[in-house]
Amino acid sequence: MRLGIVLWADRDIRRLADLAVCAEEVGFDDVWWPDHYMHRDVGATLTACALATERVRVGTAVTSPLLRHPGALASLFATLSEVAPGRIVAGLGPGGWELPAQLGIHQPKPFTATRDAVEVIAALLRGERARAEPEATFPVSDAGLDYMPAGPVPLYLAARGPRMMALAGELADGVITHSLSVPFLERVVEQVTAGAARSHRPTGACEIALWVEIALDDDVDRARDLLRARCLYRVGGEYSPEMIPLYGLDPAEVMPVREAVRRRDPDAASLITDQMVDAFAICGSVAGAADRIAALRDAGVAQLILSVGHGSSAAAVKAVGEAVREVVT
């Protein structure tokens, strides 16, 4: 099982590069950066981190083709591959809450937009000319890069619903998803496998990467309290309500959280129950974490992407990496 970590571009870019170096030294395989316009630019961040490290893969978890055109994204990842050949990963998704709420970017068909974007980006990274029908989300015409990436650039898709999971199986090298619930992960495997079959791809062509919030503390109640706010958008974000029972949660408890998130209730995190935390996070002792990670591996998870929250310190990255690295290996 690969071990990754999510870091946030919320400070001076030189300190971000230092965090990536810390993650590499402690044994992480991948360092992922969310792309949010209010943070440091993800392209500059990835460049600094790629230059500062030697072994880890660095990638976006995730960037949106609604924020950056697929042609520009292909150029970004191809350029980064020259900095760190074979160590760049392109994580893509329709975007976070800030696109419609703050930037006025609305996309009524996020699934279609993601599919169209992946097809353009993949073609450009293969050195091909990209073309799309006029009605496509991105109606490119004979677009192409004038250089080839220096190494392969795997494409990962963020997915919370069955259609996007199947799309990842069909077109991508990996799927980034959430929830530690075994029934949910069984659905992920089922949909990814079905998507791969439609494209006549072998089983395992698309690996399952699970983004997990984590807080290690022998006092599990204290750990859960630390995680409530960090799980808010996992519970109250955008996804099909049909997934709620697969998370092992009660729709009657989840829907008030979603409503509170949408009206920007400052007390929304108080609605996050212990069961909601456990559905999306690893908390408690290292021994307990080991048991949960073993179950995830058995359920088909190929990569664990850990999040220690905004404002992550080098000490926090080191502590989590040292504790979990032994369990994963």
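Helices (H or I, at least four residues) and strands (E, at least two) are DSSP runs, numbered from the N terminus.

## Model and conventions

This is a predicted model, in which local features need pLDDT of at least 70, side-chain atom pairs count only at pLDDT 80 or more, and totals for chains, interfaces and linings use all residues. Residues are numbered from 1 along each chain as its sequence is written, and side-chain values use heavy atoms, with hydrogens and water left out.

## Nonpolar cores

A nonpolar core is a set of buried Ala, Val, Leu, Ile, Met, Phe, Trp, Tyr and Cys residues joined through side-chain atoms within 4.5 Å. Buried means under 20% relative accessible area, exposed over 50%, and partly exposed in between (1.4 Å probe, protein chains only).

The largest such core has 96 residues. Trp33 and Leu306 have the most contacts inside it. Helix H5 (residues 110-125) supplies the largest share of this core, 8 residues. Another core, of 10 residues, lies apart from it; Trp8, Ala61, Tyr156 and Trp211 are among its members.

Contact means heavy atoms within 4.5 Å. Beyond its neighbours within four places in sequence, Leu306 is in contact with Leu3, Gly4, Ile5, Val6, Phe28, Val212, Ile214, Val320 and Val324.

## Second largest pocket

A 1 Å grid over the protein atoms alone is used; a pocket is an open set of points where a 1.4 Å probe fits, with protein on both sides within 12 Å along at least five of seven lines, and lining residues have an atom within 4 Å of a point. Grid points are joined across faces, edges and corners, and a volume is the space filled by probe spheres set on the points.

The second largest pocket has a volume of about 240 Å³. It is lined by 16 residues. Ala122, Arg126, Val153, Leu155 and Asp173 are the closest to its centre. H5 gives the most to this lining, with 4 residues. The lining divides into 11 nonpolar, 1 polar and 4 charged residues. Here Ala, Val, Leu, Ile, Met, Phe, Trp, Tyr, Cys and Pro count as nonpolar, Asp, Glu, Lys and Arg as charged, and the others, Gly among them, as polar.

## Cysteines

The whole structure has 0 disulfides, a disulfide being a pair of cysteine sulfur atoms within 2.5 Å. For Cys22, the nearest cysteine sulfur is that of Cys49, 12 Å away. Cys22 is buried, at 13% relative accessibility. Cys206 is buried too, at 7%.

## Two surface positions

Pro134 lies in the loop between H5 and strand E5 (155-158). Its relative accessible area is 68%, so Pro134 is exposed. Ala44 sits in helix H2 (residues 42-52). At 36%, Ala44 is partly exposed.
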